Amino acid sequence: MPGSDELYPPAQYGWGWMLLAIGVLILLITAAWLVIMLTRPRRSMIIADAGQRPVLTTDVLSQLRTEYFERIQQIETDYRERRLSPRNANLELSRVVRTFVNEYSGLEAPVLTLEDLKARGVHPALLDAMGRHYYPSIFRQGPPVDPIAGAEAARTVVRTWH
């Protein structure tokens, strides 16, 4: 009867809705796990210790060095043929050397200042190249340092980096 004082029990949901909710939770957890796994750095680029480099084979290291020697030579050639100004040649050499260090060791050298590099105790060849050749050429108002000497300093970094 419409006006009865009886209480009605709450509506019950079927098991299908519970399974759907559990399935959605599993899907969300799986999606989060996939995002984390696909966006984290590759294992070969993770450094176990601050002082260790990633494990790379000798062939890969040799190929990497050869590639960067060629880049340095191209910058030197462009400078000699006047396609690059001395300041721009030193800027390119700095970029190439920093990128090499990053690829070789995982150190984020392209975004670190000279003081940051000193604080991390990087190889002296890099500090010498940055301090004597690239920084003065890029940031000093006077004439830039000779890019030929900068190219030789870059080769020393590539040859001696460990």
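Author: Accessible areas here come from the Shrake-Rupley method with a 1.4 Å probe. On that basis the protein chain of this predicted model exposes about 11,500 Å², with carbon and sulfur atoms supplying 61% of that area. Buried residues make up 28% of the chain's 162 residues. The chain has six helices and zero strands. Of the contacts with a separation of 6 or more, 64% are between residues 24 or more positions apart.

The part to look at is helix H2, residues 58–80. H2 has 23 residues and reaches 33 Å from its first C-alpha to its last, close to the 33 Å expected at 1.5 Å a residue. Its buried residues are Leu61, Leu64, Arg65, Tyr68, Ile72, Ile75, Glu76 and Asp78. An α-helix has 3.6 residues a turn, so residues three or four places apart point the same way. The cover over the buried residues of H2 includes helix H3 (86–105) and helix H6 (147–160). Just after H2, Arg82 takes a positive phi of about 60 degrees.

The largest nonpolar core has 29 residues, and Phe100, Val101, Leu117, Leu126, Tyr134, Val157 and Trp161 touch the most other members. H2, H3, helix H4 (114–119), helix H5 (124–139) and H6 each supply at least two residues of this core. H3 gives the largest share, seven residues. In soluble globular proteins, nonpolar side chains tend to be buried together. As for Leu117, its contacts beyond four places in sequence are Arg98, Leu107, Ala109, Leu112, Val122, Leu126, Leu127 and Met130.

How values were computed: Residues numbered from 1 in each chain as written. Predicted model: local features only at pLDDT ≥ 70, side-chain atom pairs only at ≥ 80, totals over all residues. Heavy atoms only, no water. Helix = DSSP H or I, 4+ residues; strand = E, 2+ residues; numbered from the N terminus. Expected span 1.5 Å × (residues − 1). Buried < 20%, exposed > 50% of the residue type's maximum accessible area, 1.4 Å probe, protein only. Contact = heavy atoms within 4.5 Å. Core = buried A, V, L, I, M, F, W, Y, C linked by side-chain atoms within 4.5 Å.
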